[in-house]
Amino acid sequence: MSGRAQLMWDEAVTGYDFGRDHPMDPVRLELTRKLVGAFGLDRQMEVVAAKPAGESTLRLVHREDYIDAVKAASADPEAADGAYGLGTVDDPAFAGMHEVSALIAGQSVGAAEAVWRGDADHAVNFAGGLHHAMPGGASGFCVYNDASLAIARLLELGAERVAYVDVDVHHGDGVQAAFWEDPRVLTISLHEHPRTLFPQTGWPQETGAGDGEGAAVNVALPAGTGDAGWLRAFHAVVPELLAEFRPQVLVSQHGADTHFEDPLAHLAVSLDAQRAVQVACHELAHEHAGGKWVALGGGGYAVVEVVPRSWTHLVAIAAGRPVAPETMIPDEWRQQVYARTRQPGPYRMTDGRWPVSWASWDEGYDPADRVDQAVLATRRAAFPLRGLLP
């Protein structure tokens with residue numbers, strides 16, 4: 001199932017930097033790119049630096065007044081307009097913010113264009129996945145919503161059905177909002193329950209509106225959910241929906257903040273389970289979308305121990321050169337990690353939980369199990385709207 005793959009990368013994306021004490025440290029991008037190189041994956045795929053998203057592209061999702069506000073804050077961070085979510089604790093303004101945000105968006109749009117036109121079967125932008133940005137405001141460390149822009153560009157190019165699967169620990173609220181009434185886009189988000197985590201949205205009852213009713217699906221998982229429950233939930237919801245929807249392109253967001261070491265959330269997922277979902281998305285793209293797959297990064301704040309390994313697995317899978325979990329990490333990369341961060345790097349591409357086991361939904365469910373309750377709530381709310389049995 002391997003095919004031609006592109007890695008979207010421009011060194012300048014590491015300029016997406018909210019400051020020294022902010023959780024979204026761009027070192028996570030730098031270290032991921034170096035680990036991809038240490039495994040030679042960049043020689044197995046085309047590395048492409050796409051142009052920044054232009055204003056007409058940004059306007060496919062974002063309001064003109066918001067784009068103007070980002071530009072103004074980018075030129076003068078002290079004058080950032082908080083009414084647009086800029087200059088806040090989550091989204092501090094910084095010089096050049098518009099330019100680097102547009103560059104990251106451009107990588108995702110470029111990935112979508114390459115896949116749609118057949119220049120690549122798969123394309124990865126691990127700097128992307130900034131899924132909280134709204135049409136008229138920044139939110140949750142996200143300035144421009146590159147995922148929504150990639151989908152909007154696919155629609156502009158003629159796509160009639162695009163599926164978006166988001167496995168970040170936070171609800172993919174910005175993408176859901178962008179296509180809330182659009183039946184051409186199926187958004188599926190698995191995330192920690194809104195009672196315990198930002199952005200406090202993503203309830204099972206959020207299913208879209210108007211012509212888009214039934215095109216939004218949310219799985220709100222209880223805090224503490226681990227590998228078996230997370231994978232059970234994914235496989236109990238995503239494959240059946242994709243089979244019914246028959247997308248022409250699959251866009252997936254792979255935030256690494258579901259990990260048990262992530263400091264900003266409360267799921268207990270391992271690197272090995274994250275890899276298993278990446279493999280599943282690759283397989284589902286081939287089964288239901290003709291192999292057309294755009295894979296994005298997202299959250300992830302264990303910036304040394306988790307993020308580079310998780311997204312290197314993602315790149316490797318897309319390249320058709322998966323890295324075995326038990327593989328030792330090259331010493332050269334670990335030396336680079338220490339030189340850059342004064343932290344020791346991990347030794348292997350696993351948390352020691354491979355292969356990860358989980359029980360299929362077809363085997364029955366436990367009404368007392370909180371994960372099963374979450375899955376059933378989603379199936380009852382969303383599946384009948386798509387003509388599926390809950």
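Colleague: What makes strand E6 largely enclosed by the rest of the structure?

Modeller: Six of the six residues of strand E6 (residues 216-221) are buried, so the strand is largely enclosed. Buried means under 20% relative accessible area, exposed over 50%, and partly exposed in between, with a 1.4 Å probe and protein chains only. Strands (E, at least two residues) and helices (H or I, at least four) are DSSP runs, numbered from the N terminus. Ala 216, Asn 218 and Ala 220 point one way, and Val 217, Val 219 and Leu 221 the other.

Colleague: On what basis are these values given?

Modeller: This is a predicted model, in which local features need pLDDT of at least 70 and side-chain atom pairs pLDDT 80 or more, whereas totals for chains, interfaces and linings use all residues. Residues are numbered from 1 along each chain as its sequence is written, and side-chain values use heavy atoms, without hydrogens and water.

Colleague: How do you know that strand E5 and E6 pair?

Modeller: Two strands pair if DSSP finds at least two bridges between them. E5 (residues 185-192) and E6 have six bridges, in the parallel sense, and therefore meet that definition. Leu 190 stands opposite Val 219 in E6.

Colleague: Why is E6 said to stand at an edge?

Modeller: The open sheet of eight strands has the order E2-E1-E3-E8-E7-E4-E5-E6. Strand E2 (46-48) and E6 each have a single partner strand, so one side of each lacks a neighbour in the sheet.
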